[in-house]
Amino acid sequence: MNFNKKNNEIIERTAPSPTGGLHIGHVYSVLTAYENARQNHGLFKLRIEDIDFNRCKLDFEKEIIANLSWLGVSWNGKIMRQRNRKKYYLSAITQLMNEGLLYPCSCTRADIKKVLAAPHPNEKLDQIYPGTCRGRQPTKPIQALRLNIAKAKKIYSKQKLYFIESGHSTNYSLEDRVITMESLENQFGDVIIARSDINTSYNLAVVLDDASQKITHVTRGDDLLAVTPIQVLLQKLLSLPTPIYHHHKLLYDTSGKKISKRSSNETVSSLKAEGISAEEVIHRAFSQSERIIK
Ligand SMILES: [Zn+2]
């Protein structure tokens, strides 16, 4: 991989969620990021993404950390844990609130479904939040804080967002690195920035954590490419730097199913228990990836 950033330090990261053990798809992702950092004499950071505390378990966290070490992955500095970062999320939310960029939404899923079920002239708008609570006082318990994307468009003031994508997924072209604010609005609408149960959202937490860990290169699965424009917009609104992104293809098992925590029985722990070496586990992950990239 050549990012043409030889003179600058590369800081990569891995950010597993302790909702299960590491599987072969994670191994591919972690090692891709780790090798990029190593080959460029950069740094590698570890972050535990445990904002969704109902689903995260300390046992999984311990297992993940032990398995990363077993795979030969080491990291620089302290492990960042999202559960310790709540005050930073709150401070960013306050900043966005003060700028009038967020508003409380008291719609339940059922409320939104009902509004969206009504016939709508624009099919695209059937997918996104209809903006019911924008500009009105919440009448029921608040479910979330949403981004007023029209206001964001005014504040950001440019017509386009840019980011560098260095991955080799076929799901994007060069142009996809440029997103017009108009398409962002049509595609996402007023997205949730803080859920009331966790007081943040994945997108907000990731943006703040990447900035705090000074991440220059984000390597992750291309299932996250779709939300990257929202993360880039949040970086602009919060005056944070935008890292270089590298979205890699997700691994699929032999039956053609995407490897996920739910589907995979090939976890690092289970392979380890079978007596398979770390080198072999890594080899399997990368040979599976070659099959899908070709
Ligand atoms: Zn609402």
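This is a predicted model: local features need pLDDT of at least 70, side-chain atom pairs count only at pLDDT 80 or more; totals for chains, interfaces and linings use all residues.
Local features require pLDDT of at least 70 and side-chain atom pairs pLDDT 80 or more, while totals for chains, interfaces and linings use all residues. Residues are numbered from 1 along each chain as its sequence is written, and side-chain values use heavy atoms, with hydrogens and water left out.

**H6 and H8**

- Helix H6 (residues 181-188) packs on helix H8 (residues 228-237) at about 120 degrees, with the axes 11 Å apart; helices are DSSP runs (H or I, at least four residues) numbered from the N terminus, and axes are lines fitted to C-alpha atoms over the stretch in contact, with angles from 0 to 180 degrees between N-to-C directions.
- This angle makes H6 oblique to H8 (under 35 degrees counts as roughly parallel, over 145 as roughly antiparallel, 65 to 115 as roughly perpendicular and the rest as oblique).
- Met181, Leu184 and Phe188 of H6 touch Pro229, Ile230 and Leu233 of H8, contact meaning heavy atoms within 4.5 Å.
- The residues of this contact comprise 6 nonpolar, no polar and no charged (Ala, Val, Leu, Ile, Met, Phe, Trp, Tyr, Cys and Pro count as nonpolar, Asp, Glu, Lys and Arg as charged, and the others, Gly among them, as polar).

**H5 and H6**

- The axes of helix H5 (residues 149-156) and H6 come within 10 Å and cross at roughly 165 degrees.
- That angle makes H5 roughly antiparallel to H6.
- On H5, Ile149, Ala150, Ala152, Lys153 and Tyr156 meet Met181, Leu184 and Glu185 of H6.
- The contact of H5 with H6 holds 6 nonpolar, no polar and 2 charged residues.

**H5 and H8**

- H5 and H8 cross at roughly 55 degrees, their axes coming within 10 Å.
- H5 is therefore oblique to H8.
- Ile149, Ala152, Ile155 and Tyr156 of H5 contact Leu233, Lys236 and Leu237 of H8.
- By class, the contact of H5 with H8 has 6 nonpolar, no polar and 1 charged residues.

Key:
Helices (H or I, at least four residues) and strands (E, at least two) are DSSP runs, numbered from the N terminus.
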